[in-house]
Amino acid sequence: MKNIISIYRREMGAYFVSPIAYAVTGIFLLVSGFFFYIILRSLVEQSMMPQQFGGQPRMDVAGLVIRNFFEVVSTIILFMLPMLTMGIYAEERKRGTMELLMTSPLSEFQIVAGKYLAALTLFVAMLAPTLIYHLAMGAYSEPPLSWRIVLTGYLGIFLLGGALVAIGAFISSLTESQIIAGVATFAAFLLLWVLKIAVRESTTTFGEIIGYLSLLGHFDDFAKGVIDTASIIFYASLAGVALFLTQRSLDSMRWRTA
């Protein structure tokens, strides 16, 4: 455990001096804040129209904003996380410091766990300020904001992000080029994203299996405030497989440097 913490602290220190982490976080907050404003303004305007033209029942604006916002965020992180994960191992290999880790008394598991936890912490730190949007909306919303739906949405985003970070880390371990790692990671994310769209009309068993592998397909329930155990298992299993493959990648690297 001490070795994992050492790797974790080393990686967090590297993130805090890296301009990429600050740039990605800033862009993410800017884009997510913009979409939150657009969604809120659009739904508020829609909620005013029934009152003007016939007195229809009022919309649950806050609930609709939460759902739409988390759906947008789940898409945004597909574009942002490749930039955070592309250098986890690729930069180490390029600078030659990966060989030092491989020849140290650290196991592959400890290296993978420490680096993954650091990247996941950075993702949570990037996501945390968006809670301010909901706090501001909750202060004025009527009916009151459902914090259960908000927390469920953040749980879904955390699980989705955890799986994406693990996949990005694995791809980064395969190359010395951050650009190649970033492009390959984005391509993998995009493929897993569009799987559900590609087989939307399919009724075959193969189509259902492919649709099940869609990353965002499992996020829909979380955005609605529903915790689906099957989706939790899916994201956890996907992250576990990606981390296992990363460990095997480092193991092969150790043998090559031995």
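Which residues line the largest cavity? Tyr15, Leu81, Leu84, Thr85, Ala119, Leu122, Phe123 and Val165 do. This is a predicted model, in which local features need pLDDT of at least 70, side-chain atom pairs count only at pLDDT 80 or more, and totals for chains, interfaces and linings use all residues. Residues are numbered from 1 along each chain as its sequence is written, and side-chain values use heavy atoms, with hydrogens and water left out.

**Fold and surface**

- The chain has 12 helices and zero strands. Helices (H or I, at least four residues) and strands (E, at least two) are DSSP runs, numbered from the N terminus.
- Of the chain's 258 residues, 44% count as buried. Buried means under 20% relative accessible area, exposed means over 50%, and partly exposed lies in between (1.4 Å probe, protein chains only).
- Take contacts in the chain between residues at least 6 apart in sequence: 77% of them join residues at least 24 apart. Contact means heavy atoms within 4.5 Å.

**Cavity**

- The structure holds one cavity of 30 Å³ or more. On a 1 Å grid over the protein atoms alone, a cavity is a set of points where a 1.4 Å probe fits but cannot get out; a pocket is an open set with protein on both sides within 12 Å along at least five of seven lines; lining residues have an atom within 4 Å of a point.
- The largest cavity contains about 40 Å³ of space. Grid points are joined across faces, edges and corners, and a volume is the space filled by probe spheres set on the points.
- Helices α3 (61–85) and α6 (108–127) are the elements that give two or more residues to the lining of the largest cavity.
- That lining has seven nonpolar residues, one polar and no charged. Ala, Val, Leu, Ile, Met, Phe, Trp, Tyr, Cys and Pro count as nonpolar, Asp, Glu, Lys and Arg as charged, and the others, Gly among them, as polar.

- The largest pocket has a volume of about 400 Å³. It is lined by 18 residues, of which Ala14, Tyr15, Ser18, Gly87 and Glu91 are the closest to its centre.
- Two or more lining residues of the largest pocket come from each of α1 (2–16), α2, α3, α4 (90–95) and α6. The largest share, four residues, is from α1.
- The lining of the largest pocket divides into nine nonpolar, three polar and six charged residues.

- The largest nonpolar core has 69 residues, and Leu81 and Tyr235 touch the most other members. Such a core is a set of buried Ala, Val, Leu, Ile, Met, Phe, Trp, Tyr and Cys residues joined through side-chain atoms within 4.5 Å.
- Beyond four places in sequence, Leu81 touches Phe123, Met126, Gly161, Leu164, Val165 and Phe189.
- Ser74 sits in helix α3. Ser74 counts as buried because its relative accessible area is 3%. Not counting residues up to four places away in sequence, Ser74 touches Ile157, Leu160, Leu216 and Phe219.
- Phe35 belongs to helix α2 (residues 19–52). Its relative accessibility is 33%, so Phe35 counts as partly exposed.
- Leaving aside neighbours within four places in sequence, Phe35 is in contact with Val72 and Ile76. The C-alpha atoms of Phe35 and Val73 are 8.9 Å apart, with the two residues 38 apart along the chain.
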